[in-house]
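The sequence and coordinates are shown first.

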Amino acid sequence: AAIDGGVAGDVKEESGVKITRSKKCPLLLYFDCDENLDELSPDNPTLKRGVSVYIGLDKNTKLEKVFARYCEIVNSNATSNVNHVKMDDFEFLHTTILDKTNTVEASAMMKNDHIKVHRERSKDRAIMLESIRLQRESDRKYFENLRQLLPNLQPEGTGCDVILDCKGKVVDERGYRQNVLATTVRANSVLLSKRCKWLGQKILYAREEKMRVDEVAASERLERRNRSTSSSLENRSLQQSDGEDDVVPAFPQIAGRDNVAVGNQHHAAEIEDDEDDDEITAKNGESSGTPNGNPCNGIVQVTLDHPPEAVKLLLEYCYTNRVHSLGHEAFTKASRYADPKDVGFLAAKDSGPVSPFKKHSWPNGGLPDVSLHVALAGIALAEEAHMPRLSLMCEIAASQLVDPKNVIDVLSACQLQQQKTGNRLPLLRKAAILDCVMANGSVGVEKLYESTSFK
C-alpha cells in the first residue's frame with residue numbers, strides 16, 4: 001500500500017478553510033521509488049524499489065515544495081539523523097526530468113499521476129555525453145582522413161562512384177515481403193574492392209560492361225552523324241544544280257541611261273536553307289556534352305539480389321570494421337584478442353579492437369537494433385560475399401532475437417544456409433533449439449507443433 005505523505009504547501013478550499021488531508025486536495029501525486037536507494041539512507045523502507053508515497057497539493061503549488069515534502073517523509077523513516085537525504089539526491093521523472101521551479105500546471109501533470117524517483121545522475125549523464133561527443137569526433141576524423149586517401153570522384157560532389165541496386169526484400173514476422181522507398185545504396189569502389197573481393201569483382205564486371213556499352217553507343221552516334229552530314233550535303237548540291245536555270249537577280253537592272261553594271265559585278269540569287277544546318281548543329285550539341293547526356297556518367301550501377309538493409313550492414317562493416325546495430329555481444333565475440341600466454345596479461349588486455357562505446361553505454365542496452373530477418377539477410381549476404389566475421393556478427397545478433405514465434409523461420413534459415421554454403425550456423429541453432437524449443441521440455445515441443453507452419 002502507498003504511504004500517506006500529507007499535504008505540500010498551503011492548500012485551501014473555496015471557503016478559505018485549510019486542507020490537512022492529502023486525499024481531500026484538488027490534486028494528488030504518487031512518488032514511486034523506481035530503484036533501490038539504500039546507499040542514500042540504509043534500511044529506509046520508503047527507499048525500497050516499488051514503495052509509493054502520495055502527496056496532496058494544489059495546481060499552483062511549486063514542485064519544489066512537493067519534492068521537499070517527499071524528502072521530509074523519507075527522513076522521517078530514517079534509522080538515524082546522519083542518513084538524512086536532500087532534494088538534490090534525487091531525480092523526479094514524469095516523461096522527463098521535472099524542474100522544481102515549475103508548478104504542477106506548468107509541468108502538464110494531472111490528478112493521480114505517478115512520478116518516478118531515481119538517484120541523481122547528472123554527473124553520469126555528463127560523462128556519457130562527453131564520451132559520445134568524443135566518439136563522434138573520433139568517427140568524424142576517421143572518415144575525414146579516409147576521404148583524403150580516396151581519389152577525387154568524378155563528377156565532383158557525387159560522393160560515390162558506385163550505385164548498388166538492391167533487388168532483395170526482407171520478410172517480416174507475418175511472412176510479408178517489405179518494400180522500401182529507395183532500393184539503391186551509394187558506395188565507393190576503392191574501399192569495397194579492397195575489403196570485399198566478391199563485390200569488387202562485380203563492380204569490375206559492371207564497369208567493363210558499361211565501357212563496352214558506351215563504346216557501342218559512341219560508334220552508333222558517330223555513324224548517325226556522318227550519315228546525316230553526307231545526306232545534307234547531297235541535298236544541298238541537288239538544290240543548287242536544279243536552281244541554276246531559274247535564278248532571278250535580286251536587284252534587276254532598269255533599262256535606260258544608267259543601266260550600267262557597277263564594277264562589272266552582278267548580284268546573284270540568294271538561296272538559303274537553314275533546316276539541315278540546324279539539325280546538324282543540334283546533333284553536334286548533344287554529342288559535345290557528356291555521353292548519353294548523363295552528368296553522372298562515371299557512376300557504375302551494380303545489381304544485387306539482397307535487400308538494402310543487409311547491404312548497408314555490409315558497407316558499414318567494410319568502412320569501419322564494425323556494425324553498431326548488431327549490438328555489443330556481436331562486436332566482442334567476433335573480435336580477435338591476443339593470447340595472454342604469448343604477449344602477457346597487460347598487453348593482451350590492451351590489445352584487440354577498440355569498442356565504440358563502453359560496455360554499459362551501448363545504444364539499446366547493447367542489444368541488436370535490427371530485426372531478426374534483417375540479421376538473417378545479413379548472414380546470407382556475408383556468406384555469399386565470403387566475409388566470415390560479418391556472418392558471425394549477424395549470427396550472434398540473430399541468436400539474441402530468437403523467440404518461440406520465429407523459431408521456425410530461424411531453423412529454416414539455418415538449414416537453407418547449410419545447403420548453400422555448408423555453414424550450419426551452430427550458435428543460431430543452439431539458441432533456437434535449446435533456448436526456445438527445449439527450454440520448457442515437452443511443452444515447448446508441443447507449442448512448436450501447434451505452429452501454423454506444421455498445418
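This is a predicted model: local features need pLDDT of at least 70, side-chain atom pairs count only at pLDDT 80 or more; totals for chains, interfaces and linings use all residues.

Helix α10 comprises residues 372-384 and reaches 19 Å from its first C-alpha to its last, which is close to the 18 Å expected at 1.5 Å a residue. The helix is followed by H386, a residue whose phi is positive, near 60°.

In soluble globular proteins, nonpolar side chains tend to be buried together. The largest nonpolar core of this model has 56 residues, of which L164, L199, L326 and L428 touch the most other members. Apart from this core lies another one, of 26 residues, and its members include F31, C33, L37 and I73.

If residues up to four places away in sequence are not counted, L164 touches T183, T184, V185, A187, L199, V302, L304, V311 and L315.

## The five-stranded sheet

An open sheet of 5 strands is arranged in the order β1-β3-β2-β5-β4, and its pairing is mixed. Its edge strands are β1 (3-7) and β4 (90-93), each of which pairs on one side only. Neighbouring strands of the sheet are turned against each other by 25° on average, direction ignored.

Strand β2 (residues 27-33) and strand β3 (residues 52-57) run antiparallel and are joined by 6 bridges; within β3, V53 is the residue that stands opposite F31. Helix α1 (residues 63-76) packs on this sheet, touching β1, β2, β3, β4 and β5 (114-119), and the direction of α1 makes about 135° with that of β3.

## An exposed loop residue

R336 is found in the loop between α7 (328-333) and α8 (340-343). Because its relative accessibility is 77%, and the cut-off for exposure is over 50%, R336 counts as exposed. R336 and P353 are 17 residues apart in sequence, and their C-alpha atoms are 7.5 Å apart in space.

## The protein as a whole

The protein has 14 helices and 10 strands, and of its 455 residues 35% count as buried. Among contacts between residues at least 6 apart in sequence, 70% join residues at least 24 apart.

Technical notes:
Residues are numbered from 1 along each chain as its sequence is written. Side-chain values use heavy atoms; hydrogens and water are left out. Helices (H or I, at least four residues) and strands (E, at least two) are DSSP runs, numbered from the N terminus. The expected span of a helix is 1.5 Å times one less than its number of residues. A nonpolar core is a set of buried Ala, Val, Leu, Ile, Met, Phe, Trp, Tyr and Cys residues joined through side-chain atoms within 4.5 Å. Buried means under 20% relative accessible area, exposed over 50%, partly exposed in between (1.4 Å probe, protein chains only). Contact means heavy atoms within 4.5 Å. Two strands pair if DSSP finds at least two bridges between them. Axes are lines fitted to C-alpha atoms, for helices over the stretch in contact, and angles run from 0 to 180 degrees between N-to-C directions.
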